[in-house]
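Please read them alongside the sequence and coordinates.

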Amino acid sequence: MNAFAEKLVLGRLTPEQFTQVLETLHMLGSVGAGIELSSLSTDVLVDVVRRASRDHLKAIASHPELRAVFLDEIFRRMSEHFSPTRARHVDFVVSWRFSEGAGEDGYDRFQTVIEDGVCVSSTDLSRTPDTTITLSVDDFIRMATGNAAAAAMFVTGRVKVKGEYAPAVRFSSYFDIPKPTGD
């Protein structure tokens, strides 16, 4: 799967063609063909996002099934990139709201809990958040893969924070966020 993704020439694919390729791969995984989007290494996923245009990422964000796949995959990997030593003595809950979603009030929602040196993310919204972060899915994909600077997104208003600012500002420092490589 990694070799296939590395060979994709995204500049030659329209956003519609890009989503068709991803839909096909996801469908093959769903029927047990042994081809899973989740099998992409984090480094290759980061590189695909780096090479994708803003329109490619917006196409993922507007595709209900692929949107869910990408959000689930990023939140699943979040705990793998969590650095417990950097988050010692830190306990907080971040609620995520993704615009143009199918959920309540037009948002898709997740929660990330960092507590006792552990990071867990899910769609379970049972905890009271210390902060709520609202942004688009395409911006989140770019930010979570190290392809966009979170600070710049805060400053430009692409990321909105409600509640305590400190957890939102420090959030990325508790993770080893993958770094995109150049061509």
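How many cavities of 30 Å³ or more does a search of the whole structure find?

1. The search finds one cavity of that size. The model is a predicted one, in which local features need pLDDT of at least 70 and side-chain atom pairs count only at pLDDT 80 or more, whereas totals for chains, interfaces and linings use all residues. Residues are numbered from 1 along each chain as its sequence is written, and side-chain values use heavy atoms, with hydrogens and water left out.

2. The largest cavity holds about 90 Å³ of space. On a 1 Å grid over the protein atoms alone, a cavity is a set of points where a 1.4 Å probe fits but cannot get out, a pocket is an open set with protein on both sides within 12 Å along at least five of seven lines, and lining residues have an atom within 4 Å of a point. Its lining comprises twelve nonpolar residues, with no polar and no charged ones; among them are Met1, Phe4, Phe18, Leu37 and Phe70. Helix α2 gives the largest share, three residues, while α1 (2-7), α2 and α3 (42-51) each supply at least two.

3. His26 lies in helix α2 (residues 15-30). Its relative accessibility is 19%, so His26 counts as buried (under 20% relative accessible area, with a 1.4 Å probe and protein chains only). Not counting residues up to four places away in sequence, His26 touches Leu37, Glu65, Leu66 and Val69 (contact: heavy atoms within 4.5 Å).

4. An open sheet of five strands has the order β3-β2-β1-β4-β5, with mixed pairing (strands pair if DSSP finds at least two bridges between them). Strands β3 (118-122) and β5 (160-163) stand at the edges with a single partner strand each, so one side of each has no neighbour in the sheet. From one strand to the next, the twist averages 20°. Helix α5 (residues 64-78) packs on the sheet, touching β1, β2 (108-115) and β3, and its direction makes about 0° with that of β2.

5. Strands β1 (residues 92-98) and β4 (residues 131-135) run parallel and are joined by five bridges. Val94 has Thr131 as its bridge partner in β4.

6. The largest pocket has a volume of about 460 Å³. Of the 28 residues that line the largest pocket, Met143, Ala144, Thr145, Ser172 and Ile177 are the closest to its centre. By class, this lining has 20 nonpolar, five polar and three charged residues.

Terms used
Helices (H or I, at least four residues) and strands (E, at least two) are DSSP runs, numbered from the N terminus. Buried means under 20% relative accessible area, exposed over 50%, partly exposed in between (1.4 Å probe, protein chains only). Axes are lines fitted to C-alpha atoms, for helices over the stretch in contact, and angles run from 0 to 180 degrees between N-to-C directions. Grid points are joined across faces, edges and corners, and a volume is the space filled by probe spheres set on the points. Ala, Val, Leu, Ile, Met, Phe, Trp, Tyr, Cys and Pro count as nonpolar, Asp, Glu, Lys and Arg as charged, and the others, Gly among them, as polar.
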